Every structure is written in C-alpha cells, then in structure tokens.
Amino acid sequence: MKITAITTHVVNAELRNWLFVRVETDEAGLYGWGEATLEWKSRAVEGAIADLAPILIGHDPRDIENAARAVRKHGFWQPLGVIGMTALSGIEMALWDILGKSLGVPVWRLLGGKVRDRVPVYTHLGLGEMNAVYNTMDASSLVERGLAVKEKGYRAMKVVNVPYTHYTATPRALADFEASMGALREAVGPEIELMVDFHGRCASAGAALAFLKVLEPFGVMFAEEPIPPGDVASMKAIAMASRVPIAHGERLTSAQDFAPYIEARAMTVAQPDLCHCGGFSEARRIAALAEVAGIGLAPHNPLGPIAGVAALHFDIATPNVVIQEEMTGAVPWYFEVVEGPIRRVDGYWQLPEAPGLGVEVDLAVAARHPFRQEPFPTRAAALPDGTIVDW
C-alpha cells in the first residue's frame with residue numbers, strides 16, 4: 001500500500017477556518033481524513049502540507065511512526081514550529097484513519113484499547129460562538145450564557161473572564177472578577193464544574209497569583225494558562241503558590257516542549273492539542289510523560305469536527321485524561337459538514353465503534369463555506385493608555 005496524494009479542504013467556521021486533510025492510497029476507496037486547523041494561519045498550514053507531501057508520497061501509510069519521522073527529519077528545520085507541526089498533525093491523523101479502516105477497527109483499538117466507557121466533556125459559553133467565548137466579562141452576561149450551557153445538558157464549562165492585564169492586577173479588576181465568578185457559581189450551582197481560561201493575559205506571576213487567590217472560594221477544576229508559555233520558572237512558582245490547580249500546554253507543540261514543565265511539576269493538568277502537537281503518536285508520548293509525573297490531561301480542542309473525533313479516540317485509550325474540551329456548537333452546521341461518531345449523553349461523549357476515525361466529509365457542504373479571513377478578537381486587548389497586551 002502506498003500514499004498517492006495529500007490534499008486539503010478549507011472550511012470557514014466564522015471564528016476559525018477548519019483545515020481538513022485527505023490522504024489517498026493506491027487501494028481503491030481507501031483514504032484517510034485528518035484535521036490541521038490553526039487559527040489565523042490556514043494559508044500557511046495549507047502551504048506547509050503541500051511542501052511536506054512529496055516527502056511522503058510513495059510511503060506505506062501504515063508505517064505511521066516512520067512517516068512522522070520522515071517529515072521531522074527530511075523537513076530539515078527542527079523544530080518544525082507550530083505551522084509545520086500542525087501540518088504533520090493533520091497528515092498523521094489521516095494515516096491512523098487509514099490504518100483503522102484497513103484493519104476494520106476503530107483507532108482507539110489501535111492505541112491499546114479502551115480505558116473508559118465514555119468521555120467527560122466541557123464546552124464554552126455560547127457553545128463556542130466567538131463573542132460569547134471572548135467578550136463575556138460582566139456578571140449578568142456570564143450568568144445568562146452559563147445557564148444556557150447548563151440547560152443544554154453540559155456538566156462542565158469554561159469561561160474566559162479574566163480582565164486584560166499587564167504586570168500588576170488592579171483592585172478594580174480583582175473586584176470585578178470576583179463579582180462575576182461569584183454570580184456564575186451561585187447561578188449554575190455546585191454540581192457544575194467550572195474552569196477559567198486566563199488566556200495568558202497576565203504578564204507576571206504576581207498578577208496571575210492575585211487573580212488565582214480570588215478564584216479559591218469558587219471550587220474551579222483548573223485555571224488555564226495564567227501566563228503565556230515559555231517561562232517555566234514562573235509557571236512553577238505559580239503552581240507551588242496557588243491552591244487552584246493549574247492547566248497549561250495548548251501552545252506547546254511537542255513532548256520536548258512539555259518536558260520541562262512536567263519535570264518541574266509546573267501544572268496539575270496538561271493540555272496537548274492533537275492538531276498542533278504532531279497527532280496521536282506525539283500526544284501519547286506527552287500523556288506518558290505526564291502520567292509518570294502525576295499530571296492529568298485535558299486535551300485542548302476548540303477546533304473542527306475531525307479534531308473532535310480524533311480527541312475522542314485518544315481519550316478513550318488514555319488513562320490520565322480528566323476531561324475533554326469541545327466546541328460542537330461553534331456553527332449550526334457543525335454535524336452537517338462531517339458525519340462522525342460524536343454523540344453526547346449526560347455530559348459525556350459516547351464510545352465510537354466504526355473503523356478508523358469513523359468520519360466522512362460532505363464536500364458539497366464544505367464548498368458552501370469557503371475560506372474567509374477570520375476576525376481577530378484582539379482589538380480590545382489594550383490597556384487604557386494604549387499598551388497592547390495578551391488577549
């Protein structure tokens with residue numbers, strides 16, 4: 001069996017352009033689907049896939065580790081960076097899809113079989129609608145949108161309500177944050193798991209710790225990315241000083257990137273994204289490193305339907321997964337463009353049984369949503385004096 005072609009299909013889903021990858025083989029009717037979505041970098045990733053494809057044409061698609069190694073080694077630039085790793089991730093997912101189809105088994109079987117019967121999931125305010133996710137700061141909007149998520153049957157939700165911050169946290173910002181979190185917790189009740197995404201908005205450990213102190217009474221599952229990636233020492237200081245569990249890793253793209261954070265025990269929960277970290281193989285290495293260090297996983301995934309299905313298969317076979325991020329409500333036609341096995345019952349994704357990933361893309365629906373420049377929800381990410389900060 002040989003790889004004969006690697007093609008891409010871009011589907012605009014408002015906040016993001018989903019990038020689907022199709023790997024063809026020389027066996028009639030046998031092909032695989034993957035996803036290589038990277039926010040505001042779709043054209044770059046599409047170009048990277050076109051550049052990397054010649055390395056893999058003619059290879060046996062079932063030799064997945066060898067294919068990933070060929071891309072890493074023969075692509076010359078090491079590390080590949082987030083664009084190259086996202087391109088590799090989409091291709092690698094498709095190879096697992098091909099392998100599962102060729103053997104007639106779901107991908108989770110190939111990853112060692114199931115360790116759970118269903119996967120707990122959480123979503124965002126507005127079920128993924130951009131303005132609800134990133135522009136809900138005041139208490140009344142937070143409560144309204146939080147209750148809407150609860151009414152949809154979710155048992156866990158994540159909010160992005162930390163004010164835009166610099167190196168210090170002002171008393172007013174801390175008070176507003178406390179008021180909004182208190183209102184949300186009172187509205188949804190103690191039975192709903194809450195997570196808070198700082199989105200790397202704090203520029204210092206001191207500012208992050210001030211907001212984390214405010215969070216302590218509200219029993220959140222974790223606080224995500226309190227500072228931007230790259231500063232292991234500060235993240236460790238935060239993790240050691242805060243009573244709130246810390247999650248991190250959506251912007252890390254390999255086991256090598258995760259290793260210093262894991263070695264430092266700078267997080268309670270690691271968040272690899274299968275679309276950015278190299279696919280299943282590298283995510284499994286990250287999961288193994290984390291498990292040895294007593295660190296759980298909450299895989300990052302606010303992306304498209306194929307990414308969601310890949311995460312589902314990964315979670316079924318990975319024992320230290322705690323909860324899975326999902327955004328199936330991002331657009332009304334989410335389940336029309338990709339037919340797949342995602343099925344949520346009582347806040348859990350159910351076990352998939354179809355061979356491979358079990359997905360099929362409706363190219364006619366995809367064609368109705370061609371590439372469009374995504375909005376940048378960053379205009380407001382500035383201080384009163386005009387200083388641009390992390391959004």
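The largest nonpolar core of this predicted model holds 121 residues, and Leu215 and Phe280 make the most contacts inside it. Such a core is a set of buried Ala, Val, Leu, Ile, Met, Phe, Trp, Tyr and Cys residues joined through side-chain atoms within 4.5 Å. Buried means under 20% relative accessible area (1.4 Å probe, protein chains only). Helix H3 (residues 81-103) supplies the largest share of this core, ten residues. Helices (H or I, at least four residues) and strands (E, at least two) are DSSP runs, numbered from the N terminus. A second, separate core has nine residues, including Tyr122, Met221, Phe222 and Ala298.

Leu215 touches residues beyond its neighbours within four places in sequence: Phe177, Met181, Val196, Phe198, Val220, Ala223 and Val244. Contact here means heavy atoms within 4.5 Å.

Strand E3 (residues 31-35) is largely enclosed by the rest of the structure, because five of its five residues are buried. Tyr31, Trp33 and Glu35 point one way from E3, while Gly32 and Gly34 point the other way. Strand E2 (residues 16-25) runs antiparallel to E3, and five bridges join them. Strands pair if DSSP finds at least two bridges between them. Val23 stands opposite Gly32 in E3. The two strands form a hairpin with five residues between them, and Gly29 in the turn has a positive phi of about 75 degrees.

Overall, the protein has 14 helices and 15 strands. Of its 391 residues, 58% count as buried.

Residues are numbered from 1 along each chain as its sequence is written. In this predicted model, local features need pLDDT of at least 70, side-chain atom pairs count only at pLDDT 80 or more, and totals for chains, interfaces and linings use all residues; side-chain values use heavy atoms, leaving out hydrogens and water.

Methods:
Buried < 20%, exposed > 50% of the residue type's maximum accessible area, 1.4 Å probe, protein only.
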